[in-house]
Amino acid sequence: MPQTMFDKLWEAHEVSDGLIYIDLHLVHEVTSPQAFDGLRLAGRPVRRPDKTLATADHNVPTDGTKAARLIADELSRVQVETLERNCEEFGIPVYSLGSERQGIVHVIGPELGVTQPGMTIVCGDSHTSTHGAFGALAFGIGTSEVEHVLATQCLVQKRPKTMRILYRGELAAGVTPKDLILATIGRLGTGGMVGHAVEYAGPAIEALSMPGRMTICNMTIEGGGRAGMIAPDETTFEWVRGRPAAPADFDVAIERWRLLPSDEGAGFDTELEIDASSISPMVTWGTNPGMVVEVTDAVPDPATMDSPADRESAERALAYMALDPGTPMTEVAPERVFIGSCTNSRIEDLREAAEMVDGRRVASSVRAMVVPGSQQVKVAAEAEGLDEVFRSAGFEWREAGCSMCLGMNPDTLSEGERCASTSNRNFEGRQGRGGRTHLVSPRMAAAAAIEGHFVDIRDWS
Amino acid sequence: MRPIDVIEGQVSVLDRADVDTDQIIPKQFLKRVERTGFGEFLFYDWIRSGEIRLEPNPILVAGRNFGCGSSREHAPWALEDFGFEAIIAPSFADIFYANCTKIGLLPVILDEEHCRAVAEAGEARIDVDDETVNCAAGVFGFEIEPDVKHRLLGGLDDIGITLENADAIDAFEQSGAAERGPVTTAL
């Protein structure tokens, strides 16, 4: 019987009914301390430190602080030091502040090559779905489950349903993977993928680079999806080839990986099609990622919405965002621009943003910041001179971390500040209490920084 | 985890859809390395601004897609620490639902109409074994996975249960299937 990629991955990892073996467990400082405490309390070791990898990302300052012990915020410092201590005690490799391999957990996995096709990957972070871009089954878990995986290398899981979204056609010039996933979530809603492992397929997906595929899988959770995945192909194999953790028997591995894609005729619980060529640059207007419109559109009018729940949510969102219905999105003027996060902080994202700002100046009304996803992205960008492009345009050039995506470190919005952000969540207060977030692609964020308001980058020069 | 069989008492209501975990427990409170003490920060901004009021009753009735967003278990920790023992909603985000069942905070899925009825009744009795919610408006059935129910009723440690299966994990690892992946300690 023809199988989906998800079915193959699930069955290859089922230890017993509903117990799934985990090939890679990524760990960071925020969701792990209580899990390590639990192990100590029960006297349990970490079963497979060799399948576990840790980094410090959520809390770390991006201003050049070189070591965990130098973090000014006491609680953040304790959390990062606790991670270092726990990893030492349990024998887990850790790339903390100061390591040349430190960075956002979902950036460093693919970068080191530990993210590979056919694997099961978990992390105490909802954006673990990112790794599905390699044809892996990857999803976020809570702290109790982190402890469970540390102790058993397995996870008790209810088998999700399967969904396939087929993207016909090609993305138009100036339209990016970020726009594709925002448009998809806009159509399905933030709960539209709940309970499903979602496979993104079709020519528009196959044409994408790995960073683009990662952006799409990353935001699966914003549609409520359990996992996002894309079939591995030559693009995937070439990304993994030569990386520090790439398999020694690479050609043998490729032969195995070639068996992973969904079989012809495999059945999905839910299937839908989207015309990729009809997608435009997108901007969110509200307080969840499903509240999104094309940049050429206006802020929607809640009065035109059918469901009372939607109407009420939209009214509350517009009040929070201080936007009036009918305002063209191109008149919305952010004072802050953030280019970074596990969604859009890879070298390709930075290249695209740099291309937009090269030779220009950030508008006087805007404070703009670039936070590379990892130390290695930072080094690569500097080798290409991207830091100079950003700096001379008036951007701040920072160290690697999650930074203003969630503002656990000092990079936050002030009350009422409006931000064009390449991150993944525009929830109330996400980037700082009272802060107003508009999610966009790196190109759109860069152009907004220059103009001081959103522009349709398709006709911007 | 303590065993749960019946949860009974007054109902608090949060009639909003898509309530995300950033609202349930804002990020500035995730820096603690302990598991306790999060209740006072529950819905920090909404409660401080007077936007909502919540009594720490045993039962919370919420809107659809409750707990969407981040995987932070701090969200169920905060709800439990505040005083809630069960949350009734038309739907939950997947990770949030799983996190609740791991700590013994009972997530109950009822359709919107029944959620409204429980909210209006103001009091309810939830029987885990029978999978029913009983209130002045009637008795409503709900579903819960058999293994989750077994664990909740017994107050059982998930890890302990899995480790009883250690032979199967050993066998899986010895089959070689598990050993193809990268070795992080060799990097």
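Two residues are in contact here if their C-beta atoms, placed from the backbone, lie within 7 Å. Keep that cut-off handy; the model you're working on is predicted.

**Exercise 1.** Work out which residues B:Ile87 touches, leaving out those up to four places away in sequence.

*Solution.* Now step back to the largest nonpolar core, which has 198 residues. Within that core, B:Ile87 and A:Val337 touch the most other members. As for where the core gets its residues, helix H15 of chain A (442–451) gives the largest share, seven.

**Exercise 2.** Find out how many residues of helix H4 of chain B are buried, and look at what follows the helix.

*Solution.* H4(B) runs over residues 94–103, and nine of its ten residues are buried.

**Exercise 3.** Describe the side of chain B that touches chain A.

*Solution.* First, the count: 48 residues of chain B are in contact with 66 of chain A. Next, the elements: helices H1 (21–24), H4, H7 (158–163) and H8 (166–174) of chain B each give two or more residues to this side. H4(B) gives the most, six. Finally, sort by class, and you get 19 nonpolar, 13 polar and 16 charged residues on chain B's side.

Terms used. Residues numbered from 1 in each chain as written. Chains lettered and ligands numbered in written order. Predicted model: local features only at pLDDT ≥ 70, side-chain atom pairs only at ≥ 80, totals over all residues. Buried ≥ 20, exposed ≤ 12 C-beta atoms within 10 Å, placed from the backbone. Helix = DSSP H or I, 4+ residues; strand = E, 2+ residues; numbered from the N terminus. Core = buried A, V, L, I, M, F, W, Y, C linked by C-beta atoms within 7 Å. Nonpolar A, V, L, I, M, F, W, Y, C, P; charged D, E, K, R; others polar.
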